[in-house]
Amino acid sequence: MNPVNYLYLAALLFTIGASGVLIRRNAIVLFMCVELMLNASNLALVTFSRMHGNLDGQIIAFFTMVVAAAEVVVGLAIIVSIFRSRHSASVDDSNLMKL
């Protein structure tokens, strides 16, 4: 398979994720769209790394996955605390964080 096809797929996945971040208002869907954008950038990094024959892009993609996993843990904890206090996971209601 041609590496350009992987880059087209990465661009498509990033576009879907970016449109989901801009359109949707549910916090869980926003986190999934951000993860989709991170996976698209990882796919592009690995593709460029494979095209140039070095491992730099693959190492950066690995560290990006580690940071994304930590982001999900912290983000889901925040979403659960907001949902328990507001009974809604809407991003529009999250600016009312007064306790």
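Student: What should I keep in mind about the model before we start?

Tutor: This is a predicted model, in which local features need pLDDT of at least 70 and side-chain atom pairs count only at pLDDT 80 or more, while totals for chains, interfaces and linings use all residues. Residues are numbered from 1 along each chain as its sequence is written, and side-chain values use heavy atoms, with hydrogens and water left out.

Student: How do you know what confidence the chain has?

Tutor: From pLDDT, the predictor's confidence in each residue, from 0 to 100. The chain averages 87, and 90% of the residues score at least 70. Among the helices, H1 (residues 3-23) has the highest mean, 95, and H3 (residues 56-86) the lowest, 88. Where pLDDT is low, the predicted coordinates should not be read in detail.

Student: What makes the order of elements α-α-α?

Tutor: Helices (H or I, at least four residues) and strands (E, at least two) are DSSP runs, numbered from the N terminus. The chain has three helices and zero strands, and from the N terminus on they read α-α-α.

Student: How do you know that the length of H3 agrees with its number of residues?

Tutor: The expected span of a helix is 1.5 Å times one less than its number of residues. H3 has 31 residues and should therefore span 45 Å; its end C-alpha atoms are 44 Å apart, which agrees. H2, with 26 residues, reaches 38 Å from first C-alpha to last, close to the 38 Å expected. Just after H3, His87 has a positive phi of about 60 degrees, and Gly53, following H2, has a positive phi near 80 degrees.

Student: Which residues does the record call "transmembrane region"?

Tutor: The unreviewed UniProt entry gives residues 6-23, 28-48 and 60-83. Positions follow the numbering used here, feature names are shortened, and annotations may be inferred rather than shown by experiment. In the model, residues 28-48 are 100% helix and 0% strand, with end C-alpha atoms 30 Å apart. Residues 60-83 are likewise 100% helix and 0% strand, with 34 Å between their end C-alpha atoms.

Student: Why is Ser19 called partly exposed?

Tutor: Buried means under 20% relative accessible area, exposed over 50%, and partly exposed in between (1.4 Å probe, protein chains only). Ser19 has a relative accessible area of 33%, so it is partly exposed. Ser19 belongs to helix H1, and its C-alpha is 8.3 Å from that of Cys33, 14 residues away in sequence.

Student: What makes Met51 partly exposed?

Tutor: Its relative accessible area is 42%, so Met51 is partly exposed. Met51 sits in helix H2 and touches Pro3 and Leu7, not counting residues up to four places away in sequence; contact means heavy atoms within 4.5 Å. The C-alpha atoms of Met51 and Pro3 are 7.3 Å apart, although 48 residues separate them along the chain.

Student: How much of the chain is buried, and what covers the buried residues of H2?

Tutor: Of the 99 residues, 23% count as buried. In H2 the buried residues include Leu30, Cys33, Met37 and Ala44, and their cover includes H1 and H3. In H3, Gly57, Ala61 and Ala68 are among the buried residues, and H2 is part of what covers them.

Student: How do you know that Glu35 has no salt bridge?

Tutor: A salt bridge is a side-chain nitrogen of Lys or Arg within 4 Å of a carboxyl oxygen of Asp or Glu. For Glu35, which is buried, the nearest side chain of opposite charge is Arg24, 17 Å away, and there is no salt bridge. Glu35 lies in helix H2 and, leaving aside neighbours within four places in sequence, contacts Ala68, Glu71 and Val72.

Terms used. Lys, Arg positive; Asp, Glu negative; His and termini not counted.
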